[in-house]
Amino acid sequence: MKKIPILTKAEVEEIVKTHPTPFYIYDEKAIRENARRVNKAFSWNKGFREYFAVKATPNPYIMKVLYEEGCGSDCSSMAELILSEVVGIKGQDIMFSSNVTPAEEYKKAAELGAIINLDDITHIDFLKENAGIPETICCRYNPGGVIELSNGIMDNPGDAKYGMTHEQILDAFKQLRDLGAKRFGIHSFLASNTVTNEYYPLLASKLFGLAVEIKEKLGISISFINLSGGVGIPYKPGEEPNDIMAIGDGVRKEYEKILIPAGLTDVAIFTEMGRFMTGPYGELVTQAIHEKHIYKEYIGCDACAANLMRPAMYGAYHHITVLGKEDEPCDHKYDVTGSLCENNDKFAIDRMLPKIDRGDYLTIHDAGAHGFAMGYNYNGRLWSAELMKCVDGSIKEIRRAETLNDYFATFDHTEFASKLIK
Ligand SMILES: *Cc1c(COP(=O)(O)O)cnc(C)c1O
């Protein structure tokens with residue numbers, strides 16, 4: 001399966017007249033279509049809601065597109081709460097799934113009427129003191145141990161900082177009820193980027209079982225179960241993508257097997273996907289500005305790891321298409337690099353690609369989630385612009401590129417200000 005770039009070479013040549021590379025491009029139409037598939041896959045559940053994980057792509061235009069498709073937002077910081085607020089997302093359209101939460105962020109979440117998801121039992125008192133206990137409250141569960149899926153994906157909840165133990169979460173619900181809470185939810189995130197249809201159903205079965213236990217032991221009927229994020233995307237061509245319809249159906253089967261017989265017939269399913277909602281629908285477009293022939297063949301780009309950190313940080317594979325050379329044979333082996341003084345600043349290592357010439361445009365696929373968002377300023381490299389290819393085919397700048405003035409702005413109180421900031 002070939003990965004189709006969002007933009008053609010001709011489109012990029014037009015865009016760079018006003019927006020030089022590097023830039024991010026998002027595909028509005030594809031984001032909307034995917035969101036509709038997600039909603040359809042869970043339409044069997046009356047209360048279903050996807051809360052888009054804002055941290056994946058914290059841009060108000062993207063958030064607005066998803067909000068228009070019926071998604072709420074999942075926040076974990078002040079900035080993400082404020083972004084939601086300005087888009088018009090508030091009240092229970094916001095999940096606040098934070099951890100190590102500062103008091104002012106709980107206050108802001110409470111003020112917006114967000115559903116607060118407590119990461120720890122000690123946060124009950126902390127929330128009570130700082131914002132009060134709301135009627136609707138969620139607790140994050142960490143079952144410990146390891147989770148292993150049949151395709152070999154493994155993750156280690158027992159080693160993760162998130163959530164409450166089994167014993168704690170039962171205690172937490174008891175305390176919260178005594179403090180006046182009326183509607184309760186459970187949340188858990190066990191594994192990241194799972195490219196298998198069995199992850200959500202497996203997680204659901206664990207959380208449904210817990211809901212039944214909570215009903216039996218405490219007499220509390222859980223109102224919603226939040227399966228959080230972790231649904232993955234195939235970064236490599238040829239990898240089998242998740243089938244969201246099969247995933248929704250797998251969760252439905254567990255629901256019918258575990259919740260219905262226990263009399264829990266009205267539980268809403270929530271999700272907090274980030275990667276699955278936008279990952280495949282955003283790309284980083286960059287130009288090859290140098291080639292270098294030493295012990296290996298290098299292509300140097302005008303984007304670097306500061307624009308897309310995943311390959312450097314996780315050794316993540318991101319597919320690369322050389323625009324205009326889609327059909328040429330991949331008979332050259334390159335390391336595709338950025339300009340950071342860091343040898344891990346490589347978008348690809350030993351990658352077979354068509355012959356690349358200086359001036360060629362490269363698009364780095366599947367950068368629509370945890371891409372721009374994880375940017376940084378090392379070596380004084382600046383954040384790129386974000387553009388959106390709108391449903392009508394037009395290109396909209398949804399965030400301008402950072403300038404040196406922005407970069408130097410935090411020296412505005414110093415003796416260097418007048419020389420640094422133009
Ligand atoms: C990161 C995160 C998500 C989204 O994860 P994806 O892997 O992008 O789907 C959802 N919920 C919480 C609490 C997170 O930290």
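Guide: What follows begins with the ligand, moves on to the barrel, and ends with some points in the loops.

This is a predicted model, in which local features need pLDDT of at least 70 and side-chain atom pairs count only at pLDDT 80 or more, while totals for chains, interfaces and linings use all residues. Residues are numbered from 1 along each chain as its sequence is written, and side-chain values use heavy atoms, with hydrogens and water left out.

Around the ligand there are 15 residues, of which K55, E272, G274, R275 and H370 come nearest; a residue is near a molecule if one of its heavy atoms lies within 4 Å of it. Some of the surroundings make polar contacts, a polar contact being a pair of N or O atoms within 3.5 Å. A polar side-chain atom of S228 lies 3.2 Å from a nitrogen atom of the ligand, a backbone N or O atom of G274 lies 3.0 Å from an oxygen atom of the ligand, and a polar backbone atom of R275 is 2.8 Å from an oxygen atom of the ligand. Taken alone, the ligand exposes 380 Å², and the protein buries 90% of that, where accessible areas come from the Shrake-Rupley method with a 1.4 Å probe.

Turning to the barrel, 8 strands close into the order β2-β3-β4-β5-β6-β9-β10-β11, with parallel pairing. Strands are DSSP runs of E with at least two residues, helices are runs of H or I with at least four, and both are numbered from the N terminus; two strands pair if DSSP finds at least two bridges between them. Neighbouring strands of this sheet are turned by 25° against each other on average, direction ignored. Helix α4 (residues 78-87) lies across β3 (72-75) and β4 (94-96), running at about 165° to β3, an angle taken from 0 to 180 degrees between N-to-C directions of axes fitted to C-alpha atoms, for helices over the stretch in contact, that is, with heavy atoms within 4.5 Å.

Finally, the loops. In the loop between β17 (361-364) and β18 (385-389), N379 has a positive phi of about 60° although it is not a glycine.

Technical notes. Polar contact = N/O pair within 3.5 Å; in protein donor to acceptor, adjacent residues only side chain to side chain.
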